[in-house]
Amino acid sequence: MVSLETIVHQKQSGGILSNTNIQYIVNGYTSGVISDDEMTAWLNAVFQNGMSHEETLDYTRAMVNSGVTLDFSHLPGYVLDKHSTGGVGDKVSLVLGPLLASCRCYVPMLAGRGLGHTGGTIDKLESIPGYKTALSLTEFQKVVETVGVSIMEQTKEICPADRKIYALRDVTNTVASNSLICGSIMSKKIAEGVQGLVLDIKVGNGAFMKSLEQAKNLGILLKEVGELYGLKVSTCFTDMNQPLGQTAGLWCEVRESVECLKGNGPDDLMAVVYHLGKSALEIAGIENPEEKLKSNIENGKALEKFNEMVFAHGGNLDGLNNPRLHKPKFRKEIFAKEDGFIGKMDTLQLGQAVVQLGGGRIQKNDKIDYSTGIRFHKKIGDSVNKGEPLMEIFCSDSERLKMGSKKVKGTIQIRGDKTINYPLILA
Ligand code: URA
C-alpha cells in the first residue's frame with residue numbers, strides 16, 4: 001500500500017488514482033485514521049486537478065459502500081427523490097417533497113446542511129421547534145411508509161463518508177468540484193434506495209456551476225452514476241443568477257415554503273417546483289403530472305403532507321403560525337440609490353451575506369441563528385425608484401448585522417434599461 005503522502009502528491013501532480021487508493025482515502029477519513037488536515041490536502045488536490053470519470057465512479061462507490069443502503073421495494077408506489085446542487089433561497093425540497101407524496105409517491109429524502117454560500121434543507125428544517133432531523137433508520141422508514149415523505153439528514157449508517165467529507169468541504173472551499181459533488185449527491189441518493197431521481201442542477205453566479213456547459217458535464221456524470229445503480233435519473237438545469245423566491249435564510253425560508261404549500265408561493269419558485277415535479281411524476285409514470293401537482297397545492301393535500309411530516313418528526317406545528325418565533329432582534333433595509341431596473345444580483349455574495357449574518361457556518365461547529373435572513377423586495381427586471389427598499393436583512397446579533405450589511409453592499413445592480421433577461425428553466 002502506498003503512503004497517504006504519495007497519494008496526495010500523485011493527485012497534486014495531476015495523476016490518476018487507483019480504486020484501492022480512493023477507497024483508502026474515503027475509508028481512512030471516515031474511520032479517523034486520516035486527519036482533517038490530511039484530508040484537506042487531498043480535497044484541495046482534487047479540487048485543483050479534478051478526477052477522471054473512472055475515479056469519480058470509484059469515489060462514489062466508496063462513499064456508497066461506507067454505509068448501508070435502504071430498501072423500499074415493498075411500498076405500493078413509486079419511490080423517488082429530488083436533489084439540488086445548491087443555491088441561494090432554494091427551498092424547493094421543502095415544497096416538492098410533500099407535494100410528491102401527496103401524488104402517491106414515496107419520498108425518502110436525505111438532505112444536507114448549508115454548504116459554502118448555499119443554504120441547507122436540514123438547517124432550515126431544524127428551525128422548526130422540535131423537528132428531529134436525526135431519526136433512526138427504522139423511524140425514517142416508518143415515516144416514509146406512513147406519511148409518504150420524510151426529510152432528514154444522513155444517519156451514521158448512511159454514507160458516513162459523505163457526512164464527514166461534506167462538513168469538511170464546507171469550511172475548506174472545496175465544494176465546487178464536479179467529482180466531489182457527484183460523489184456526495186449520488187452516494188446519498190443511491191443509499192436511500194430510490195427508484196427515480198430528479199436532479200436540479202443550478203447554473204449561474206450563485207451556483208457552483210457558473211456555465212451551462214459545466215452544469216451539463218456534471219449532469220452527464222450524475223446520470224451515468226445513477227443509471228449504473230439502476231436509477232431512473234432526470235436532470236433539470238435551472239437559473240441561479242438571483243436568489244430563488246423572496247427570502248434566503250432559515251426560518252424565513254420555512255415560512256415561505258409553507259406559503260407555497262398554501263398556494264401563495266412566488267412565481268419563480270413555483271415554476272421550479274412544478275418543473276421538477278413534472279419530471280418526477282413522469283419518471284414515476286403518473287399521468288397528467290402538471291394538473292395533479294397544481295390541484296394538490298390548491299386543495300391543500302400537499303400542505304397536509306407537510307404538516308404530517310413535521311408532526312411525525314416531532315415538530316411543533318403551532319410554531320409555524322407563531323409570529324414571535326425566531327423574530328429577528330435586528331433588521332436593516334437597503335434602499336435604491338437611483339431610479340431604473342434591477343439588472344444584476346450578485347447571488348454568491350448574497351449567499352455569503354446570509355452566512356455572515358449567522359445563517360451558515362464559517363467554522364465547522366459554528367452555531368446557526370435561525371432568525372437570520374434576507375427578504376428581497378426586488379428581483380431582476382423589476383423597476384425601482386430611488387429611495388425604495390431593495391431588500392431587508394435581519395438576524396439577532398448586532399455585530400453580525402453590521403458584517404452582513406457590508407457584505408450586501410453593491411450586490412444589486414440598477415440599470416437604466418430593462419434588457420437583462422435570465423430564463424429560469426435552462427434545459
Ligand atoms: N449537494 C450535496 O449533497 N453535495 C454537494 O456536494 C453539493 C450539493
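Mentor: Start with one pair of residues. Phe 341 has Ser 383 in β10 as its bridge partner. Keep in mind that this is a predicted model. Now widen the view to the strands. Strand β8 covers residues 340–345, and two bridges join β8 to β10. The two strands run antiparallel.

Next, take in the whole sheet. It is an open sheet of three strands, in the order β10-β8-β12, with antiparallel pairing. The edges are β10 (383–384) and β12 (412–415). Each edge strand has a single partner strand, so one side of each is left without a neighbour in the sheet. What holds such strands together? Strands of a sheet pair through backbone hydrogen bonds, either parallel or antiparallel.

Now turn to another open sheet. Four strands make it up, in the order β6-β9-β11-β7. The pairing here is antiparallel. β6 (247–249) and β7 (330–335) stand at the edges. Each has a single partner strand, so one side of each lacks a neighbour in the sheet. From one strand to the next, the twist averages 15°.

β6 pairs with strand β9 (residues 373–376) over three bridges, in the antiparallel sense. Thr 247 stands opposite Arg 375 in β9.

Helices pack on this sheet too. Helix α11 (residues 251–261) touches β6, β9 and β11 (389–395). The direction of α11 makes about 140° with that of β6. Helix α16 (residues 398–408) also packs on the sheet, where it touches β7, β9 and β11. The direction of α16 makes about 150° with that of β11.

Helix α5 spans residues 92–102, and helix α13 spans residues 289–298. Their axes come within 10 Å and cross at roughly 105°. That makes α5 roughly perpendicular to α13. On the α5 side, the contact uses Leu 99, Leu 100 and Ser 102. These meet Leu 293, Asn 296 and Ile 297 in α13. Sorted by type, the contact residues are four nonpolar, two polar and no charged.

Finish at the ligand. Among the residues around the ligand are Leu 115, Tyr 166 and Ile 181. His 83 has a polar side-chain atom 3.0 Å from an oxygen atom of the ligand. For Arg 169, an N or O atom in the side chain is 2.8 Å from a ligand oxygen atom. Ser 184 places a polar side-chain atom 2.6 Å from a nitrogen atom of the ligand.

How values were computed
Residues are numbered from 1 along each chain as its sequence is written. This is a predicted model: local features need pLDDT of at least 70, side-chain atom pairs count only at pLDDT 80 or more; totals for chains, interfaces and linings use all residues. Side-chain values use heavy atoms; hydrogens and water are left out. Axes are lines fitted to C-alpha atoms, for helices over the stretch in contact, and angles run from 0 to 180 degrees between N-to-C directions. Angles under 35 degrees count as roughly parallel, over 145 as roughly antiparallel, 65 to 115 as roughly perpendicular and the rest as oblique. Contact means heavy atoms within 4.5 Å. Ala, Val, Leu, Ile, Met, Phe, Trp, Tyr, Cys and Pro count as nonpolar, Asp, Glu, Lys and Arg as charged, and the others, Gly among them, as polar. Two strands pair if DSSP finds at least two bridges between them. A residue is near a molecule or strand if one of its heavy atoms lies within 4 Å of it. A polar contact is a pair of N or O atoms within 3.5 Å; within protein, one must be able to donate a hydrogen and the other to accept it, and residues adjacent in sequence count only if both atoms are side-chain atoms.
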